[in-house]
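My notes follow in the order I took them.

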Amino acid sequence: MKGERLGEFEELLLLAAQAVPDEECSVVEIQQYLERVTERSVSLGAVYAGLDRLELKGCVRSTLGEATRQRGGKRKRIFSVTGEGKRVARDARRVRDAIWRTIEGQ
Amino acid sequence: MRPPLLGRVLLRMCRLGDRRDEVDADLLDLFERRARARGPAFARRRYIGDALSLCRLRRTPEVITDEDRRGGLDKMGHDILFAVRVFRRHAGLLSLTVGGLALAIGVATTALSALNAATMRGMGISAPETVFRIASIAGATDRAELTERSRIFGEWAYAHYGRLAADVPSMQIVSSYLAEGDVRSTRETSQPWHVLYNAVSGNYFDVLGMRAVAGRMLNPSDDRPGVRTIVVGEGFWRNALGADRSIVGSSLIVGTETYTVVGIAGRENGSSPTRHFPPALWMTLTAHGETRIREQSDVPGATPRWNPPVEVLGRVKPGVTRAQAESEVSGVAASLALSANGNAKAVVQFEPAERPMRRNTAVVVTIFVVIVALVVLLACANVTNLLLASAASRRREIGTRLAIGASRGQVVRQLMTESLLLSSIALAAGVVVANLALPAFARLIQIPPAVDVSPDLRLFIVIAVSSLAIGLLAGLAPARWAYHADVTAALKSDQTSAPLPLPRARLRSILIGGQAAISILLLVLAALLTRSVVESAYADLGFDLNRIVTASISTRGPGSSIDPATIRDVVLRVPEVEAAAFATAPPFAGVMSPQRLNGAGIYRNDTSPEYFATVGIRLLRGRFYTADDARSGARVAVISERLAEMMFDSEDPIGQDMSRVWGRPASEGLALGPWRTPAGTQVIGVVANITPQLGADDAPTIYMPLTQSNVARLVVRARTNTAVVGRQIVDTLVTFDPRLRPIVAVPEDGLRQQLERPRMLAQLAVVVGAIALMLAAIGLVGVTSFVVEQRSHEMTVRRALGASERQLIELILRDNLKPVAIGLTIGLLASLAGGRIVQGALHGTSPRDPVALVAATIVLVAVAVVATLVPSRRAGRVDPAQLLKQG
């Protein structure tokens, strides 16, 4: 599965997972971050599904955090981006940058 | 603050597995943040949206596959494609089976549509529980005297309706009158349609709450002198007027008058418990009456009168009880009776306007539905058989699929998809069949043009759902088998040589046997009905119907009563006339109902003395009455042989008092409307039995001297030709007195007309029987070909060991015809046992008629043998060398 191309939303998720501070990188934080940055509503289901796919592709990893009092003792899943994830994100950026350069150079 | 209930319920419905806690907590976290930032309404809305989005999230990442991502539709498409590939292998057989199912669905749709149009639709009355049909008999003293007819029609004189409408404040009263006439379009000079139509009071539609589908219904402003407006029924509009919407506002000619069409009444309007079919159109009673009066005034010297018996319906106003309304109506009825006959007795009866189906209608409907269901069942058995056979011949394939990892669910789904695909194709084809067949069928069973038979949405849904259910049902047996399939056995087995597992072969035999049983039942029915029609057409009526002509003679204008004896003398002057008489009930001149007297259904005929000689009824004992008897008002009666046997056993009836027949004391006589007879009437003669109408074989009849000449018809026996003599009688009578209006009828035509219904029933039964036979044949061909295919290895071995081609064919024939023989026996026994149900529809034939039973059996056996023989011949043609090649 590794090395598959990313969809647009997956790419955004992958970037958001890097942008959110590591120890807070939960589904809720990623969702909130994306809504803030993209200024459009993002459903929780889409975030879950996207992160599932990224995990399957080996781009992110998730671990269950400690139980906290705020969440009624329920544990929170924390995501971190793998080396493969970072590489895929850079690849995506490289492609985009190359195209932009061509556009602006014209 | 809690998240919204809807969201929580949605979330509960999501299949989240071991993630539930985590997702719950995340969602709650988000909810609280959003509530703080954007307010509770926003948070609630988004919570529901998120819960919905989570429902799509089903599995943990480990098991999400590409296939999952492509979605269920794609899998179904795959199943369907595969099914098509499988079916292509047996294209011929498959098209036969699907064709059969399509035919059955077509038959079912056609039959149910006609039935739906004929019986199921009501009158279209809104809030029908407050509407009553008001029946009344002036002068009647108890409810028993309301005859069946008046109870249904509840007829009032039109003039009395006016009083009722004015003097019963607790009800809104409407009235209607059923008339018939010719309708023509003003646009083209086409043939007129002869239709039934309703003349109604102006408030009819408003009070009953019937609605128009286009334009408007009639209202009180139409019910004024000089206004000529009509509303056409949707069925008539579709079938006769070509569903042309521009008809609203244009004109139609009814009878001789031109009317403006103001609207189209929906097809749910107008059927009633007494008439199965809605009228073609509605006009106001005022318009109808004006036309009638104008027609009468065209006749010189006549005083125009118009006061028809109308049907009266009333809606009880809100806040009034039914009892209150009934007492008001009774009061009006009593005062009407008082002014009419000087006695204030009148019985009023309220009947619900929308009555549930009458019992005999319900019986007919049930028989009808059962037959249709049987035909569909036959087709269903074929599909099951085909799928079973195909599943059996695919044991290897199914075994392989299971072995390489297909779940049992997937295999079952595949088989179900196949059967659903089959039934969907059949459904589509069946609807096409029904559309083609419906007009022909409507003509065959003589549904009038006013009825729209096209299936409505409700019926279509019933048919569609049941077709798909059939598909599922048919797929159930093979799917069940696949579910329990033994993978290793299936893989190890050589599908060409392994014997069929027993239960499946048994199910198949049961299906074939069942088909044979149903087919023989329907064939016997068809044969019986056909025989009954033939028998009726050539039955011995007990007299010679040839050369008899009847004429009803009404007179118009003042001083109209002419002595029947004079008329008879005039008619006898016609050289072609051999004999002439008068009778109230000449044979085949209409349908009479027997009166129940003393526990038996008895007919009565008041005749002039010459009647017996004219018709040709033989005297067995005693004497006929004479002209003197009639003149002197002698209390005498002649009875038929059958009646004598019923009432007097072995006693000599001559000289006996008729009180024995009436079942009342000798001092009383009979007070029964037109049957009224004084006490002391004696039997003076016994005559031979005759059959005066279909279904009244050897009718027990009382003949009495004719007293009221106005209701009697002229009965004439011609010397040679009925067609010529009819014309001559009319000419002679009109020349004699221009006020006479003779209407001539030929009883033979009456017989032919009475035969229409049985003939139609027989035709229907033959069509259904033929279809059933065809379906059974398709089933046999299908099963035999699969059996031959499966046993081909065995056949090859047998052939190699020296069996002849003939022996092999015989073997297959014997094995496959055994269930047919069993089914045939069961079917025959069932038809013998259930014969009584159809007895009423048979004339001159017993339900155990050996000719019908034998004929049906021969047809079924012949078809079964041919249907088995054709595919069996392949069994004989196996090549033993094939065995050696296979090793």
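I began with one ring. Phe31(B) has 1% relative accessibility, so I noted Phe31(B) as buried, the cut-off being under 20%. I kept in mind that this is a predicted model.

Next I looked up the ring partner. Phe31(B) pairs with Tyr47(B). The pair is edge-to-face, with 5.6 Å from centre to centre and 80° between the planes. I checked where each residue sits. Phe31(B) is in helix 2 of chain B, residues 20-38. Tyr47(B) is in helix 3 of chain B, residues 40-55. Tyr47(B) comes out at 5% relative accessibility, so I put Tyr47(B) down as buried.

I turned to a second pair. The ring centres of Phe205(B) and Trp282(B) lie 5.7 Å apart. Their planes stand at 75°, so I logged this pair as edge-to-face. Phe205(B) belongs to helix 9 of chain B, residues 204-208. Trp282(B) belongs to strand 9 of chain B, residues 281-284. Parts 77 residues apart in sequence are therefore tied together by this pair. I found both Phe205(B) and Trp282(B) buried.

Then I looked for rings joined in a group. I found a cluster linked by ring pairs: Tyr611(B), Phe612(B), Phe624(B), Tyr625(B) and Tyr703(B). I also asked how many aromatic pairs there are over all chains. The count is eight.

Last, I looked up a charge over a ring. Arg38(B) lies over the face of Phe42(B), 4.1 Å from the ring centre.

Terms used
Residues numbered from 1 in each chain as written. Chains lettered and ligands numbered in written order. Predicted model: local features only at pLDDT ≥ 70, side-chain atom pairs only at ≥ 80, totals over all residues. Heavy atoms only, no water. Phe/Tyr/Trp six-rings, centres within 6.5 Å; stacked < 30°, edge-to-face > 60°. Helix = DSSP H or I, 4+ residues; strand = E, 2+ residues; numbered from the N terminus. Buried < 20%, exposed > 50% of the residue type's maximum accessible area, 1.4 Å probe, protein only. Lys NZ or Arg CZ within 6 Å of the ring centre and 35° of its normal.
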